Every structure is written in C-alpha cells, then in structure tokens.
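Open the structure in your viewer and keep the selection tool at hand. Each stop below says what to select and what is there.

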Amino acid sequence: MKITSAKVIVTCPGRNFVTLKIMTDEGVYGVGDATLNGRELSVVSYLEDHVIPCLIGRDPHQIEDIWQFLYRGAYWRRGPVTMSAVAAVDMALWDIKGKVANLPVYQLMGGKCRTGVMVYGHANGTSIEDTIEVAQSYKAMGYKAIRIQCGVPGLASTYGVSKDKMFYEPADADLPTENVWSTEAYMRIVPKLFAAARDALGDEVHLLHDVHHRLTPIEAGRLGRDLEPYRPFWMEDAVVAENQENFRLIRQHTTTPLAVGEIFNSIWDCKDLIQNQLIDYIRATVVHAGGLTHLKKIAAFADIYNVRTGCHGATDLSPVCMAAALNFDISVPNFGVQEYMRHTDATDEVFPHSYTFDKGFMQVNETPGLGVDIDEDLAAKYPYQRAYLPVNRLQDGTLFNW
Ligand code: GCO
Ligand code: MG
C-alpha cells in the first residue's frame, strides 16, 4: 500500500480548523487534525511545504517509522507547529490502518478498558449565580464532571467566561483583544464560587477549575488550600509550566489535585513533572502532542507514576481530534477524564462523526478508523478567517499571561 497524495483543508465553520487528508493507491484515505489556535497557517505551511512531499510513495501502515522520520528527520525537534503537523499525519495513518483492518482505532490500540469516556463540560457565567445556574443545566444533561469559571468582580472580561453559555470561543478577533487581570480579585472570588457550587450541586459531581497560568506557585498553593474543603477534581494550569520547579512549591502547600499540559507538545515537557509526581493529571492532547503514537507513550510513562490522563478538548480541537482522543481515552488504562466543550452544529456538519454523548459519558462506536470524516464541499463554503487569542495585562499595564 502506498500514499499517493495528501492535502490540507482549512475551513472556518464559526472558527478555524486545519485538516490533513492522506490518500492511498487503494482508495482508502485518512484524516488528521492540525489545528493550532491563532497560528493555523504556520501548520498549513509546515505540512504543505515540508511534510507532504516526504510522504508520497511511503507505506501508510508504517506509522511508527513515519513518525520517527518526521520527528528525528527534521533535525529541529518539538514545538507546537512541528508536533501538530506530525500529529495530523499520525492520526490520518491510524485512520487508514483502522479502515483497512475494518476495526475502530481503539481496537488496534488494545481494545476497550472501560465502558465509556467520562467527560467534563464547561459551566461559566459572569457571576457566581449565573455559573451555578449553567452548572445545574450541565448536571441535568447528565454530566458527572463540570468545570466552573465565573467573572471576576471589577474586571471587564475573564478567560473561560463567554457570552454564549454553551459554546466558548476565546479566539475572538482578527487582532488580539486585550484583557485586564487582577490576581487579588480572582483569588477572592474562586473559593466563594466553589462553596456555592458544592452547596447547590451536591457532593457527587466532580468540580474542576482552570487557572489558565495566572498564579505564582505560592499563590497557587494558597488557592489550592482554600479550595480543599470543596474537594475539587483538579486545579488546572495553576502556574506557567516553563519552570517545572514551580509545581514542587505548590505541592508543599496543598492536596488539591493538579492538572497541566494542554500546551505541552512532547514527552519531554511532561517527564520531570510526572516522574517527580508533581502533578495528578496530564492534559497533553492528540493534536498538539504528536498524535496517538506519541500520546500513548506519554500515558504509559505517566501510568508508572499514578498520573492519569485528562486530554485537552476545547473547541479549537476539531472533531477529528475529538474522535482520536476518544479512541485513546477508551483504550488507555490510566484514563482520568476528557474535556468536551461541544462543537457548534455548523462544525459538526463539516465533520460528520460517529461518537456520541450520553449521561456524562462519550462513546466512540464501531466505525472503522477514527470514526470521523470531513465534508469537503461544505468545508469550502467557510473560508479561513484570521482570529487571535486575547492577550492579558495587569491593571498597571504590564503584559501578563493569558
Ligand atoms: C481549556 C483551555 C482552552 C484554551 C484554548 C486555547 O482548558 O479548555 O484552557 O479554553 O484557552 O484551547 O486555544
Ligand atoms: Mg485550560
């Protein structure tokens, strides 16, 4: 079997998605997600100019060898652009292998380890009351795990809080919007949000929270401790993760479980945090961490240290990535939870898929391959629109982490 051609499809059914489609001499094709929010066209160029020419004529069954070729063979390793491109190829090749074998990809990765994939939804609102109301509606939809984020008094806008209650999309302008941040105000409101949420939602639902890289380690230690009485499932991205020593300090001050890694792109970003048991959940995800081939290795390494998976699953990860993630989640022993933000109807129409949601769990179903496709005619109706994530400043104007 040989790869005969490949193409990159960019579409914007409400937000931008980049998809790689690999064709073979046997007529079977595979799809892979290559979306990197706010930097989409760099991955398009990386694929078109530097990856696709190297794929033609190769045997699509040699997934590991092609992965190694693209990773080691570039000489310049890692980084979000490279690893998203490698991931797209990897996903498409697993899709092809599954279709040829007439099996869903999870069967090729060892079969089901569980009956369904627990997902968490996003409840957000400008006030605590609004957030609780939305969280109640998630609970009513059957969600067992809910991320709660609310507006911060005195700040005009905050990450994680959107106008549309069901579809959160932070890449909102053709040049970055500027947000303003106050750590003090944020640290005052979050424990109140958790107290109200536990009270209103009861003991059983898992409550999650994303700090979005905003705190120093000692502030994160404090927030983690303040949240302990409400037993959060996790506190995510409490600090920036470039200096991973940061997490040691947080660990000294709180037993609130820690999650990190949505912006990690290889096992080397995860290694020290995992082997020193400084985190509880690793959020590396299929599209940004080198595909299923690489994410399997990260998960296997994490398993040794009791770290569980919690794959990133925001709306900027296309249904192709979601399908791949669900095949991964159902088959990996140390699965924790999967983020699921739901795509809009327009996106779901461009990417027909077989995965389904029922009572807080997702099912991958039995479609051979990844179980997802792209409707190219429909995709062509939604041309690319430049969109950036916001930037963030402190109240005195200092540029900060978004
Ligand atoms: C999350 C995230 C996202 C990111 C977004 C950036 O936990 O879901 O932090 O909402 O901000 O994916 O592109
Ligand atoms: Mg996050």
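Select the shell around ligand 1: its residues divide into seven charged, four polar and four nonpolar. Here Asp, Glu, Lys and Arg count as charged; Ala, Val, Leu, Ile, Met, Phe, Trp, Tyr, Cys and Pro as nonpolar; the others, Gly among them, as polar. This is a predicted model: local features need pLDDT of at least 70, side-chain atom pairs count only at pLDDT 80 or more, and totals for chains, interfaces and linings use all residues. Residues are numbered from 1 along each chain as its sequence is written, chains are lettered from A and ligands numbered from 1 in the order in which they are written, and side-chain values use heavy atoms, with hydrogens and water left out.

Next, colour the 15 residues that surround ligand 1 (a heavy atom within 4 Å). The closest are Asn 37, His 212, Glu 262, Asp 316 and Glu 339.

Now look for polar contacts, pairs of N or O atoms within 3.5 Å. Pick Arg 147: a side-chain N or O atom is 3.1 Å from an oxygen of ligand 1. Move to Glu 236, where a polar side-chain atom lies 3.0 Å from a ligand 1 oxygen. His 312 also places a polar side-chain atom 3.0 Å from an oxygen of ligand 1. On its own, ligand 1 has 340 Å² of accessible area (Shrake-Rupley method, 1.4 Å probe). The protein covers 95% of that.

Conventions. Polar contact = N/O pair within 3.5 Å; in protein donor to acceptor, adjacent residues only side chain to side chain.
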